Amino acid sequence: MKTQDNGLLYGPEDKIPVWESGLLGLQHVLAMDVYVPPLIIAGLLSMGAAQKTGFLQVAFLACGLGTLIQTIWLLKMPMSQGPSYVPVGAVAGVYLANGASHGGMATVIGSCLVGAILLIILGLTGIYQKIINKLVPPVVGGTIIACVGLSLLPSALNDNIFQAPGNIYQNMELAAITMGALLITIALSNYFRRTRKILKAGSIVIAMFVGTLAAAHMKLFNWSLIQQAPWFSWPHFTAAYYGIHFSGMAIFTFVIIYIVLTTETMGTWFAMSSVTNEPITARQWNRGLIGEGLSCLLAALLGSTPMTGYSTNAGVVSITGVASRRVFIAVGMWFIILGFVGKLSAFLSAIPDAIIGGIFSIICMIIMLNGLKLIKTMTGNEIYIVGVPMVLTLALILVPAKVISQTPPMLQYFLKSPITIAALTAIILNLVLNWQPHWTKEKTAKILN
């Protein structure tokens with residue numbers, strides 16, 4: 001199997017047999033923790049068992065439809081959609097402030113619809129690409145990518161391993177086994193050329209299989225969850241069930257949320273562009289934002305939360321070497337299947353968090369290093385443009401929650417998104433530190449000529 005210059009086994013436009021695309025797509029789905037944000041929100045909204053299951057189902061459906069929209073028609077990058085952690089607090093806040101179980105979800109849906117339409121308008125007018133072209137040179141783009149990986153790493157370690165349910169020592173052992181299996185599989189792919197394709201492309205699913213076997217041996221795998229789940233069920237709790245209601249303050253809240261989400265999506269797209277070594281065109285920026293808006297629009301109508309380009313995409317592609325859009329079409333199809341087949345959804349939920357954490361932590365590290373690789377060299381003021389946003393990213397991760405909770409609600413949405421703060425800081429520092437008066441630019445050009 002010949003590896004491409006960018007280290008990939010399959011590039012974005014490479015054709016892969018349907019059965020192989022299906023298996024590799026399932027692996028990508030297994031490596032993503034898209035079920036976590038919906039379950040967190042369901043807990044915050046005190047949903048019953050039936051509503052929680054329905055909420056998870058519509059999240060999977062929204063992921064699948066959004067992925068197909070972006071991959072086939074609009075963004076046309078190897079990219080899957082997923083529910084972001086950013087709106088978690090806003091969904092709970094708007095829900096509780098607008099009647100909770102008596103109309104709260106209708107207000108959330110109405111606000112999400114308005115925010116989604118705003119994204120579509122920005123994409124249609126071409127404003128988004130002009131902003132990116134003007135404000136995000138490679139040093140800023142690379143910094144944003146690095147901060148995406150850096151901001152996700154504590155979540156991979158804390159939420160999935162150290163603070164996950166169960167015994168911390170067993171969680172650490174399970175994460176280490178999974179991580180070790182992944183690294184061994186990748187190492188073996190370098191030594192056994194004939195099986196390199198299988199080992200590298202399937203490294204994540206092999207590691208998860210080993211981790212799941214270890215979990216079963218340690219009696220940490222919840223088989224009863226799968227046994228109790230139905231084989232097939234139809235999503236009931238959509239916008240048709242909850243209704244749609246518009247509230248000015250709630251809409252303003254979600255407009256802020258969508259601005260934050262757009263910033264994070266920008267970092268995810270940059271990361272994937274860096275991994276595949278294919279620049280994002282002006283057309284893709286605008287069409288991608290339209291796709292993002294349509295994904296969020298469908299998610300709202302289904303009764304789910306906003307969808308965004310999932311940040312783990314680039315890391316998974318770096319590990320497996322598989323960036324074919326055919327595989328990501330399969331990812332979208334798998335998500336749709338998960339929206340209807342209860343036992344498959346239950347299997348994903350039953351995988352211990354520590355297994356996901358072991359893989360997720362490596363994915364985060366790869367994303368961060370891809371960002372730094374894009375920057376290549378740092379000279380002069382670029383050290384500060386890269387360094388200060390990374391410091392702020394860590395600071396916002398480590399700052400006590402009670403400090404953020406004492407700030408105004410609108411500011412909290414920004415402070416709870418280190419990527420957004422890092423992106424804005426990098427953009428501002430680049431404008432300030434690298435700014436030159438017009439006459440200076442002309443003088444410099446004459447000297448160089």
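Helices are DSSP runs (H or I) of at least four residues, numbered from the N terminus. This is a predicted model, in which local features need pLDDT of at least 70, side-chain atom pairs count only at pLDDT 80 or more, and totals for linings use all residues. Residues are numbered from 1 along each chain, and side-chain values use heavy atoms, without hydrogens or water.

**Exercise 1.** Determine which helices supply the lining of the largest cavity.

**Solution.** Step one: the largest cavity holds about 60 Å³ of space; a cavity is a set of points on a 1 Å grid where a 1.4 Å probe fits but cannot get out, and lining residues have an atom within 4 Å of a point.
Step two: among its lining residues are Leu24, Gln27, His28, Val316 and Phe328.
Step three: H1 (18–30), H15 (313–320) and H16 (325–338) each supply at least two lining residues, and the largest share, 3 residues, comes from H1.

**Exercise 2.** Describe how H13 packs against H14.

**Solution.** Step one: H13 (residues 248–276) and H14 (residues 282–302) pack at about 130°, with axes 12 Å apart.
Step two: this angle makes H13 oblique to H14, since angles under 35 degrees count as roughly parallel, over 145 as roughly antiparallel, 65 to 115 as roughly perpendicular and the rest as oblique.
Step three: Tyr258, Met266 and Trp269 are among the H13 residues that meet H14, whose contacting residues include Trp285, Leu289 and Glu292; contact means heavy atoms within 4.5 Å.

Conventions:
Axes are lines fitted to C-alpha atoms, for helices over the stretch in contact, and angles run from 0 to 180 degrees between N-to-C directions. On a 1 Å grid over the protein atoms alone, a cavity is a set of points where a 1.4 Å probe fits but cannot get out, and a pocket is an open set with protein on both sides within 12 Å along at least five of seven lines; lining residues have an atom within 4 Å of a point. Grid points are joined across faces, edges and corners, and a volume is the space filled by probe spheres set on the points.
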